[in-house]
Amino acid sequence: MSVYETAARFIEEHGETMVLSRSGETGLAVKGKRIAGNTEDLGNGSVQAVFRVKIGTDELTSSAWSTKSPKRGDKLLVDGRARAVRDAFPLKDGDTVALYELEVAG
């Protein structure tokens, strides 16, 4: 079993449903696995959560989105709360993108 298949199976079994959205595109239900993060002081006495999420590629590949990868500026709805995608990193198995790791805040 390849790294891609193992990672996709892990996210399918242990991930939670989230919605990835982008301006001008229909929201896309994806399975994701949260990675513990921390909080960030916003300077006015409030804080926001900052963490990483790993998502598979199948939902994006089969979507009608014009760009088939997540990017900075997208939104990720997690537990009913919108999070801003700060960055997205493709994780590859050889030349194939196996997963994306998103840095989110909100």
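Author: Let us start with Thr17. Leaving out residues up to four places away in sequence, Thr17 touches Ala29, Val30 and Lys31. Please bear in mind throughout that this is a predicted model.

Reader: Where does Thr17 lie, and is Thr17 buried or exposed?

Author: Thr17 belongs to strand E1. Thr17 counts as exposed because its relative accessibility is 54%, and the cut-off for that class is over 50%. A further value relates Thr17 to Lys33: the two are 16 residues apart along the chain, and their C-alpha atoms are separated by 8.9 Å.

Reader: How should I read the pairing of strands, and in which sense do E1 and E2 pair?

Author: One reads the sense of the pairing, then the number of bridges, then the residues that face each other. E1 and E2 pair in the antiparallel sense, over five bridges. Within this pairing, Val19 stands opposite Ala29 in E2. The hairpin of these two strands has six residues between them, and Gly24 there takes a positive phi near 85°.

Reader: How many bridges join E2 and E3?

Author: E2 and E3 pair over eight bridges, in the antiparallel sense. Here Asp41 stands opposite Val47 in E3. The hairpin of E2 and E3 has five residues between the strands, and its Gly43 has a positive phi near 90°.

Reader: Which residue other than glycine has a positive phi?

Author: Asp79 is such a case, with phi near 55°. Asp79 is found in the loop between E4 and E5. With a relative accessibility of 59%, Asp79 is classed as exposed.

Reader: Is Gln48 buried or exposed, and which side chain does Gln48 join in a polar contact?

Author: Gln48, in strand E3, counts as buried because its relative accessible area is 15%, where the cut-off is under 20%. A polar contact of 2.7 Å joins its side chain to that of Glu40. Not counting residues up to four places away in sequence, Gln48 touches Asn38, Thr39, Glu40, Leu42, Arg86, Ala105 and Gly106.

Reader: How should I read a nonpolar core, and which residues have the most contacts inside the largest one?

Author: In soluble globular proteins, nonpolar side chains tend to be buried together. In this model the largest nonpolar core has 16 residues, and those with the most contacts inside it are Leu20, Ile55 and Leu76. The elements that give two or more residues to this core are strands E1 (16-21), E2 (28-41), E3 (47-55), E4 (75-78), E5 (81-93) and E6 (96-105).

Definitions and conventions
Residues are numbered from 1 along each chain as its sequence is written. This is a predicted model: local features need pLDDT of at least 70, side-chain atom pairs count only at pLDDT 80 or more; totals for chains, interfaces and linings use all residues. Side-chain values use heavy atoms; hydrogens and water are left out. A nonpolar core is a set of buried Ala, Val, Leu, Ile, Met, Phe, Trp, Tyr and Cys residues joined through side-chain atoms within 4.5 Å. Buried means under 20% relative accessible area, exposed over 50%, partly exposed in between (1.4 Å probe, protein chains only). Helices (H or I, at least four residues) and strands (E, at least two) are DSSP runs, numbered from the N terminus. Two strands pair if DSSP finds at least two bridges between them. Contact means heavy atoms within 4.5 Å. A polar contact is a pair of N or O atoms within 3.5 Å; within protein, one must be able to donate a hydrogen and the other to accept it, and residues adjacent in sequence count only if both atoms are side-chain atoms.
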